[in-house]
Amino acid sequence: MPGVAEGYRVQCLIDATRRAHAMDRRRSGGRASVTISMGVWKKCPSCGTRWISARCCRQLNAEVYMPNSALFLDRDGVVNVDRGYIHRSEQFEFVPGIFDLARFWTNELRRPIVVVTNQSGIGRGYFDERAYADLTRWMCDRFEAEGTAIARVYHCPYHPQDGIGEYRCDHPWRKPKPGMLLQAVSDLGLDPAHCAILGDKISDIEAGAAAGIGLLVRIGSRDAKMAEPLHDVVADLREALALFRFHFRSHFATAVPDQRCRHP
Ligand SMILES: [Mg+2]
């Protein structure tokens with residue numbers, strides 16, 4: 001079993017390898033087979049946890065996960081039950097399964113979650129930016145209390161017809177336009193082709209498609225029309241988590257040593 005220092009050394013090695021192969025990954029569409037020259041895989045027969053033993057000098061071929069991926073979440077209808085223009089914590093009911101899904105993404109895949117949400121209630125005058133900011137802070141605190149985290153939250157307060165004053169604007173951040181996603185891609189140095197977006201409306205999917213997001217997933221019924229971008233449909237967050245596990249597990253997790261395993 002790797003101790004903390006050993007696990008740290010292996011992690012540094014993997015990080016360095018990732019950096020060295022970043023260009024190759026881009027050229028090869030995100031997946032690359034690399035050689036890690038210091039370790040071999042071991043797998044615990046009891047818990048199934050895998051790690052790299054840095055004591056062994058045998059060569060290892062392992063898929064290294066893509067480091068520039070993120071999960072984009074719509075807020076209303078995905079993080080919380082959509083009751084329309086929610087702006088107080090008492091109104092905010094988390095959708096069952098959201099924390100399990102978030103923990104998978106941040107703790108197992110170790111990649112960031114970004115929330116992208118249209119909030120035209122601000123532009124319409126139903127609540128103000130301060131109320132929105134207070135609710136957002138509370139929401140992020142709840143994620144942290146559940147052992148996960150939201151890396152960034154982007155919102156668009158504008159509406160092209162119903163916005164009041166300066167908020168009456170056909171803003172490039174308002175979904176289905178991709179502005180919020182593109183800003184996050186720029187801010188976090190993401191590779192959109194290896195990101196995913198989960199929303200409950202076609203506008204979420206259209207924004208994701210316009211931003212070049214690789215995996216587009218919608219919660220809802222399977223009645224997509226031909227004109228809509230090709231996307232996956234799930235009934236609920238449990239199904240979404242299963243889909244993400246299937247889609248991303250083989251891409252990401254195999255090169256991450258798990259220091260929690262106590263089995264030799
Ligand atoms: Mg929504």
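The structure is a predicted model, in which local features need pLDDT of at least 70, side-chain atom pairs count only at pLDDT 80 or more, and totals for chains, interfaces and linings use all residues. Residues are numbered from 1 along each chain as its sequence is written.

Let us begin with confidence. The average pLDDT (the predictor's confidence in each residue, from 0 to 100) is 77 for the protein, and 67% of the residues score at least 70. Among the elements (helices, H or I, of at least four residues and strands, E, of at least two, taken as DSSP runs and numbered from the N terminus), confidence is highest in strand E5 (residues 71–73), with a mean of 98, and lowest in strand E4 (residues 60–63), with a mean of 31. Residues 1–42 have pLDDT below 50, yet this stretch has 74 contacts in the model beyond near neighbours in sequence; a contact here is a pair of residues whose C-beta atoms, placed from the backbone, lie within 7 Å. Residues 253–264 also stay under 50, and the model has 34 contacts for them beyond four places in sequence. Where pLDDT is low, the predicted coordinates should not be read in detail.

Now to the sheet. It is open and has 6 strands in the order E7-E6-E5-E8-E9-E10, with parallel pairing; strands count as paired if DSSP finds at least two bridges between them. From one strand to the next, the twist averages 20°. Helix H7 (residues 202–211) lies across E5, E8 and E9, and runs at about 175° to E9 (axes are lines fitted to C-alpha atoms, for helices over the stretch in contact, with angles from 0 to 180 degrees between N-to-C directions).

Within strand E8 (residues 196–199), look at Gly-199. Gly-199 counts as buried because 27 C-beta neighbours lie inside 10 Å; the cut-off for buried is 20 or more other C-beta atoms within 10 Å, with exposed at 12 or fewer and partly exposed in between, C-beta atoms being placed from the backbone. Leaving aside residues up to four places away in sequence, Gly-199 touches Asp-74, Val-78, Asp-204, Ile-205 and Arg-218.

How values were computed:
Contact = placed C-beta atoms within 7 Å.
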